[in-house]
Amino acid sequence: MREKLLDLMKNEGLKPSQLAEQLEINPAGISHILAGRNKPGFDLLQKILRRFPRINPDWLLLDSDKMYRDSEPEQSAPAAAVESSISDGLFGPTRNTPFNPPHQEPASTTSENPAPPATTPFSGTRTDVAVRRIVILYDDLTFESFTPTKR
């Protein structure tokens, strides 16, 4: 993440104190991340995406090659742009997966024999794609990222 902050500051022409001011955080927070003492929390990542709506969330979180989105977000407010990208799935359009089954309308039932809700069973593994990265988000708004090694 240190390199990403350095790239962001370079491309936006900002010094660490200016970035902290724009993100409305303590300058020591940026300094600690740049020095490798701290990792950024989820709230800082949200502030970056809200303040710089052209930043590609995949670049910030998943090491995508493209730092900036291909086009300007349609909405002018930075917070609305991030909310729009999150509602579409942070990393692109939402797909039907075991974690995100397709929306199903409830079946009409009688009050005597209500039908159980339809669920998609979770198999626990997917064989059609490789795992690129695992990100764990904690309640205290911090996260950890793990990249599997090839065997």
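1. Start with Phe-146. At 39% relative accessibility, Phe-146 counts as partly exposed, because that class lies between the buried limit of under 20% and the exposed limit of over 50%. The model is a predicted one. Find Phe-146 in strand β2, which covers residues 143-146.

2. Now look at the neighbours of Phe-146 in the patch. Phe-146 forms a nonpolar patch on the surface with Val-131, Ile-134, Ile-136 and Tyr-138. Together these residues have about 440 Å² of accessible area.

3. Next, turn to helix α3, residues 27-34. Which residues of α3 are buried? They are Ile-30, Ile-33 and Leu-34. Seen down the axis of α3, the buried residues fall within an arc of 95 degrees, so they line one face of the helix.

4. What covers that buried face? The cover for the buried residues of α3 includes α1 (2-12), α2 (16-23) and α4 (42-51).

5. Check both ends of α3. At its start, a side-chain oxygen of Asn-26 comes to within 2.9 Å of the backbone nitrogen of Ala-28. Just after α3, Gly-36 has a positive phi of about 85 degrees.

6. Finish with α4, one of the helices that cover the buried residues of α3. In α4, the buried residues are Leu-44, Leu-45, Ile-48 and Leu-49. Why do they line one face of the helix? Seen down the axis of α4, they fall within an arc of 135 degrees, so one face of the helix holds them.

Key: Residues numbered from 1 in each chain as written. Predicted model: local features only at pLDDT ≥ 70, side-chain atom pairs only at ≥ 80, totals over all residues. Heavy atoms only, no water. Buried < 20%, exposed > 50% of the residue type's maximum accessible area, 1.4 Å probe, protein only. Helix = DSSP H or I, 4+ residues; strand = E, 2+ residues; numbered from the N terminus. Arc of directions from axis to C-beta. Contact = heavy atoms within 4.5 Å. Polar contact = N/O pair within 3.5 Å; in protein donor to acceptor, adjacent residues only side chain to side chain. Patch = residues over 30% accessible without salt bridge, like charges linked within 9 Å, V, L, I, M, F, W, Y side chains within 5 Å. Areas by Shrake-Rupley, 256 points an atom, 1.4 Å probe, with all protein chains shown as cover. Salt bridge = Lys/Arg side-chain N within 4 Å of Asp/Glu carboxyl O.
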